[in-house]
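Q: I would like a close look at one residue of this model, and then at the setting in which it is found. Please take it step by step, and give the cut-offs behind each term as you go.

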2 protein chains.
Amino acid sequence: MSPRVSKEHLKQRRADIMEAARNVFIKHGYEHTTMKHVMEAAGVSRGGLYQYFSNKEDLFEALLEEGLTDEAEATEDSLEKVESYWDLLMQLLFGEDGNPDTEMDPLAPSKLEFFITGRNDERRRAYGEKRYETGLRIYDELIKKGQESGEFNDHYDSELVARSIITFIDGLALDHAILPEEKVKLKEQSALFVDYLKMALGVSSS
Amino acid sequence: MSPRVSKEHLKQRRADIMEAARNVFIKHGYEHTTMKHVMEAAGVSRGGLYQYFSNKEDLFEALLEEGLTDEAEATEDSLEKVESYWDLLMQLLFGEDGNPDTEMDPLAPSKLEFFITGRNDERRRAYGEKRYETGLRIYDELIKKGQESGEFNDHYDSELVARSIITFIDGLALDHAILPEEKVKLKEQSALFVDYLKMALGVSSS
DNA sequence: TTGTAAAACGACATTAGTGTCGATATAATA
DNA sequence: TATTATATCGACACTAATGTCGTTTTACAA
């Protein structure tokens with residue numbers, strides 16, 4: 001009547017596998033990675049791997065969840081005590097410094113794969129929708145508050161503007177997944193889109 | 001010394017297979033369709049199919065080429081004799097009538113899959129870049145001419161605006177691939193993006 | 001008709017990946 | 001130190017897909 005190892009160790013092992021898997025997914029993409037790839041990268045046996053994750057989808061979703069939690073909650077509360085909604089929006093879009101020169105999440109291309117190739121699977125589809133909805137809410141909420149405060153004008157429906165933000169982000173992620181760094185012009189396109197948003201929200205300051 | 005069938009027949013057979021394949025790709029997506037699916041849909045044997053296409057990639061690229069030719073040349077020449085570049089741009093974006101209520105190409109999701117999952121394959125990557133470049137040139141050319149004619153202002157670099165158009169289209173295609181029709185709000189988002197463009201190009205008329 | 005080139009067929013060998021399961025190794029406890 | 005629960009292992013059976021190749025069929029020419 002004694003578990004072989006501490007819960008710490010189990011958690012650690014799981015984390016190690018996920019870390020290795022993450023790198024494999026980044027390298028090969030979702031569809032083309034195999035459990036064998038992960039086994040080798042993580043230095044674990046077949047049986048060992050399946051002890052922690054029952055299949056590739058399960059494993060990838062664990063990575064998805066990991067990424068989601070941090071971001072969402074961080075913005076949720078800063079929505080309460082903020083002086084400029086515009087600054088907050090820029091932060092949300094481009095990270096801490098709020099300048100459009102952010103690196104992309106290297107796992108992003110695989111995430112796209114995951115949802116696109118799984119678009120006919122009921123489960124995956126529902127999951128994708130939930131994620132979209134979550135992302136949408138965050139932006140919608142922010143914009144709505146900005147409009148109510150008078151910082152933004154309400155010429156456009158907040159949700160529609162939020163949708164356009166996500167469309168833009170998705171489009172960039174997609175092009176970035178396919179094209180070489182220098183061709184996407186991430187920075188310039190982001191700057192242009194910021195101008196689009198300024199127009200839509202009636203923001204003039206830099 | 002006699003070929004078994006006329007060239008007509010061969011061409012027809014090939015076309016039939018492609019038609020069937022198109023439907024299969026639409027239904028299952030690129031990654032998940034198999035040659036067997038196509039065989040069955042086209043009512044052709046394994047050997048028969050491989051006589052025309054040496055693998056799935058080959059087959060899909062044939063479909064890609066098919067779609068590309070029509071669109072490109074159609075716009076190429078209407079660029080010469082046009083009274084309003086803006087109208088032409090709207091036509092290019094939303095089809096003949098130039099109104100943002102267009103249906104999406106049902107094969108589009110599979111195309112995304114094809115390029116995303118193939119992003120690590122040299123050949124496929126190069127092919128994807130060429131396509132991006134081609135699309136970019138069309139929009140860039142149009143916008144540049146519109147700027148030269150004075151119809152558009154040149155506050156923004158024409159190529160950058162062209163890129164943002166493609167990003168937007170890609171983003172919409174992506175969301176449309178994953179989300180149900182009613183959630184994407186294609187029409188509304190398109191309308192908003194048109195406003196973005198009006199701003200960027202300094203166009204005021206409806 | 002008949003002969004023939006090649007279109008169409010489908011069985012086959014091969015490859016690659018999956019998930020399972022009994023055997024083995026080992027860390028905590030007694 | 002001996003015991004034991006269980007983490008880890010890797011061989012295995014199974015499935016699914018691929019591309020090939022010898023055989024059969026058939027449209028056309030002679």
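Is Asp140(B) buried or exposed, and what is its relative accessible area?

A: Asp140(B) is buried, its relative accessible area being 2%, where buried stands for under 20% relative accessible area, exposed for over 50% and partly exposed for what lies in between, with a 1.4 Å probe and protein chains only. The model is a predicted one, in which local features need pLDDT of at least 70 and side-chain atom pairs count only at pLDDT 80 or more, while totals for chains, interfaces and linings use all residues. Residues are numbered from 1 along each chain as its sequence is written, chains are lettered from A and ligands numbered from 1 in the order in which they are written, and side-chain values use heavy atoms, with hydrogens and water left out.

Asp140(B) belongs to helix α7 (residues 122–148) of chain B, helices being DSSP runs of H or I with at least four residues and strands runs of E with at least two, numbered from the N terminus. When residues up to four places away in sequence are not counted, Asp140(B) touches Ser158(B), Glu159(B) and Ala162(B), a contact being heavy atoms within 4.5 Å.

For contrast within chain B, Ala41(B), in helix α2, counts as partly exposed at 45% relative accessibility. Its contacts, leaving aside neighbours within four places in sequence, are with Ala20(B) and Val24(B).

Glu113(A) lies in helix α6 of chain A and is buried, with a relative accessible area of 2%. Among its contacts beyond four places in sequence are Gly29(A), Tyr30(A) and Glu31(A), together with Ile116(B), Thr117(B) and Arg119(B) of the other chain. The side chain of Glu113(A) makes a polar contact with that of Arg119(B), at 2.8 Å.

This brings in the interface, where 49 residues of chain B are in contact with 49 residues of chain A. The two chains bury about 4,400 Å² between them, 60% of it on carbon and sulfur atoms, buried area being the accessible area (1.4 Å probe) that two parts lose on being put together, summed over both. On the side of chain B, Arg119(B), Ile178(B) and Tyr196(B) lose the most area to chain A, together 15% of what that side buries.

Chain B can be laid on chain A with an RMSD of 0.0 Å by a turn of 180 degrees and a shift of 0.0 Å along the axis, the superposition being by least squares on the C-alpha atoms of residues with pLDDT of at least 70 in both copies. That is the relation of a two-fold axis. The same surface serves both copies, since 100% of the contact residues of chain B recur in chain A. Of the residues of chain B, Gly171(B) comes closest to the rotation axis, its C-alpha lying at 1.8 Å.

The aromatic residues complete the picture, with 23 aromatic pairs found over all chains; rings of Phe, Tyr and Trp (its six-membered ring) pair if their centres lie within 6.5 Å, and planes under 30 degrees apart count as stacked, over 60 as edge-to-face and the rest as tilted. The rings of Phe115(A) and Tyr127(A) have centres 6.0 Å apart and planes at 35 degrees, so the pair is tilted. Because Phe115(A) lies in helix α6 (residues 108–117) and Tyr127(A) in helix α7 (residues 122–148) of chain A, the pair ties together parts that are 12 residues apart in sequence. Both Phe115(A) and Tyr127(A) are buried. In chain B, Tyr30(B) and Phe60(B) form an edge-to-face pair, 5.0 Å centre to centre with 65 degrees between the planes, and both are buried. The charged end of Lys56(B) sits over the ring of Tyr30(B), 4.6 Å from its centre, which requires NZ of Lys or CZ of Arg within 6 Å of the ring centre and within 35 degrees of the ring normal. Likewise, the charged end of Arg124(B) sits over the ring of Phe114(B), 4.0 Å from its centre.

Note on methods. Polar contact = N/O pair within 3.5 Å; in protein donor to acceptor, adjacent residues only side chain to side chain.
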